[in-house]
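Subject: Structure handover

Hello,

Here is the structure I promised to pass on. Please open it alongside this message; my notes follow below it.

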Amino acid sequence: MNIQPFYIFTDKEQKEFLKCLENININPYKDYLNFRFFCSQLISENQVPKFSIDVCKKILNERKNNKIYVHLLRNCPIDKDRPIFDQDDPVNDKYKNKKTFIGEALLEVFSQLTEMPLLAYQTRNNGDFFHDVFAYNQYTGTQTQKTDSDLYYHNDRTAHIIRADYLVLLGMRCFERNLIYTGYIDGLEILKYLSQDTQNILCKKYFITPFDYYSCDSNLNQLISNKHSILENEHTFRYYETHTTVAEDAPIEAKDALIAIKEAIIKAHKQRVQLKNGDLLCMPNQDGLHNREIIEVNNPQEAKIRWLLKTYNFRDTRSLNRFANYYYENIPGLVRELD
Ligand SMILES: [Fe+2]
């Protein structure tokens with residue numbers, strides 16, 4: 001089933017929103033705290049258009065009242081000038097060549113209006129709070145955010161102790177003739193196909209997940225997770241298809257449970273969307289699994305330069321504060337990793 005847009009900004013609204021975001025001229029890659037503060041001022045001084053505030057309030061209400069957690073906004077403002085980064089070193093090339101920060105401002109304002117603070121890691125993209133889903137030649141064919149390949153069902157940063165509650169993706173350069181889909185399975189849908197006994201085993205710390213190649217390259221201490229459960233709380237999953245496996249000393253029933261979850265994922269109801277430029281997709285990272293499916297590439301060069309801007313978000317300030325001891329130099333949300 002295709003994910004239906006929750007709201008489509010009219011062209012007039014898009015222009016008005018863009019005009020507001022153009023006021024921000026702080027570089028979020030050099031001075032995130034000031035960038036964030038400036039965005040919060042735009043909100044507190046009522047410069048952010050009312051329709052965008054209303055949309056964000058409606059998202060929060062829908063989560064609370066209707067238990068719907070995936071939201072797609074269309075026709076959002078993005079940067080007019082969107083450079084193609086050098087695929088041998090896209091992150092550093094972005095620092096040099098991206099001169100406007102409309103997409104970043106949109107994601108920051110969205111995070112503040114939905115009360116979902118951002119999360120970043122000191123050793124991932126140099127501690128940036130805004131990431132690119134963009135192909136990096138070195139990671140072709142891998143399961144990382146810098147790949148141009150399919151991605152199996154997973155949560156982001158599965159192996160890491162601190163994981164985002166939500167992910168937000170913003171279409172910056174997408175080509176409609178290439179059918180590349182972002183898929184989502186809600187955790188509750190997976191649970192329908194798991195017996196109570198299997199669920200009980202999945203709740204035990206019998207499993208491990210290796211860090212992805214991009215994480216290992218950025219931080220040599222990040223090779224493999226501690227032993228973890230696959231299922232937590234009611235329907236929170238910690239799982240990366242083909243990566244998460246049983247720990248060496250796990251009992252045989254852990255392997256049976258691992259097979260059961262693979263089958264449940266195949267059977268579970270799935271949603272998907274072909275992201276377009278200006279699409280903002282907000283989805284749970286832990287209360288469900290997501291993937292990338294490349295169905296049909298009609299122009300390989302365009303597929304290679306597809307670009308989404310992305311943030312990791314906590315569900316609320318309480319969730320951010322749970323990890324207060326892990327943050328670098330009093331920057332809430334920036335996970336310290338170089339000790
Ligand atoms: Fe992902």
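**Overall build**

Of the 339 residues in the chain, 41% are buried. Bear in mind that this is a predicted model. The chain has eleven helices and 16 strands. Its C-alpha trace spans about 60 × 45 × 40 Å along the principal axes. A compact globule with 339 residues would have a radius of gyration near 20 Å, and the chain agrees, at 20 Å.

The largest nonpolar core holds 77 residues. Which of its members touch the most others? They are Leu 106, Val 168 and Leu 170. In soluble globular proteins, nonpolar side chains tend to be buried together.

Take Leu 170. Setting aside neighbours within four places in sequence, Leu 170 is in contact with Cys 76, Ile 78, Gly 103, Leu 106, Leu 107, Leu 280, Leu 308 and Leu 309.

Strand β6 covers residues 166-173. Seven of its eight residues are buried, so β6 is largely enclosed by the rest of the structure. It has antiparallel pairings with two strands that I would look at together:

- With β15 (residues 307-313), β6 pairs over seven bridges. Here Leu 169 stands opposite Lys 310.
- With β13 (residues 280-284), β6 pairs over five bridges. Here the bridge partner of Leu 169 is Leu 281.

**Helix α2**

Helix α2 runs over residues 32-44, 13 residues in total. From first C-alpha to last it reaches 18 Å, close to the 18 Å expected at 1.5 Å a residue. Its buried residues are Tyr 32, Phe 35, Arg 36 and Cys 39. Seen down the axis of α2, these fall within an arc of 95°, so they line one face of the helix. What do they pack against? The buried residues of α2 pack against α5 (102-113). The face turned away from the buried side carries the exposed residues Phe 37, Gln 41 and Ser 44. Note that Phe 37 is on that exposed list, while Arg 36 is on the buried one. Just after α2, Asn 46 takes a positive phi of about 55°.

**Two further positive phi values**

Glu 115 is a residue other than glycine, yet its phi is near 60°. It is found in the loop between α5 and β3 (118-121). Glu 115 has 13 C-beta neighbours inside 10 Å, so it counts as partly exposed.

Thr 242 is not a glycine either, and has a positive phi of about 75°. Its loop lies between β10 (236-237) and β11 (245-246). Is Thr 242 buried or exposed? With 10 C-beta neighbours inside 10 Å, Thr 242 counts as exposed.

**Tyr 152**

Thr 242 also turns up among the contacts of Tyr 152. Tyr 152 lies in strand β5 (residues 151-154). It is partly exposed, with 16 other C-beta atoms within 10 Å. Beyond its neighbours within four places in sequence, Tyr 152 is in contact with Gln 143, Glu 241, Thr 242 and Asn 291. The C-alpha atoms of Tyr 152 and His 290 are separated by 7.8 Å, although these residues are 138 apart along the chain.

Best wishes

How values were computed:
Residues are numbered from 1 along each chain as its sequence is written. This is a predicted model: local features need pLDDT of at least 70, side-chain atom pairs count only at pLDDT 80 or more; totals for chains, interfaces and linings use all residues. A nonpolar core is a set of buried Ala, Val, Leu, Ile, Met, Phe, Trp, Tyr and Cys residues joined through C-beta atoms within 7 Å. A residue is buried if 20 or more other C-beta atoms lie within 10 Å of its own, exposed if 12 or fewer, and partly exposed in between; C-beta atoms are placed from the backbone. Two residues are in contact if their C-beta atoms, placed from the backbone, lie within 7 Å. Helices (H or I, at least four residues) and strands (E, at least two) are DSSP runs, numbered from the N terminus. The expected span of a helix is 1.5 Å times one less than its number of residues. The arc is that of the directions from the helix axis to the C-beta atoms. Two strands pair if DSSP finds at least two bridges between them. The radius of gyration is taken over C-alpha atoms; the globule rule is 2.2 Å times the number of residues to the power 0.38.
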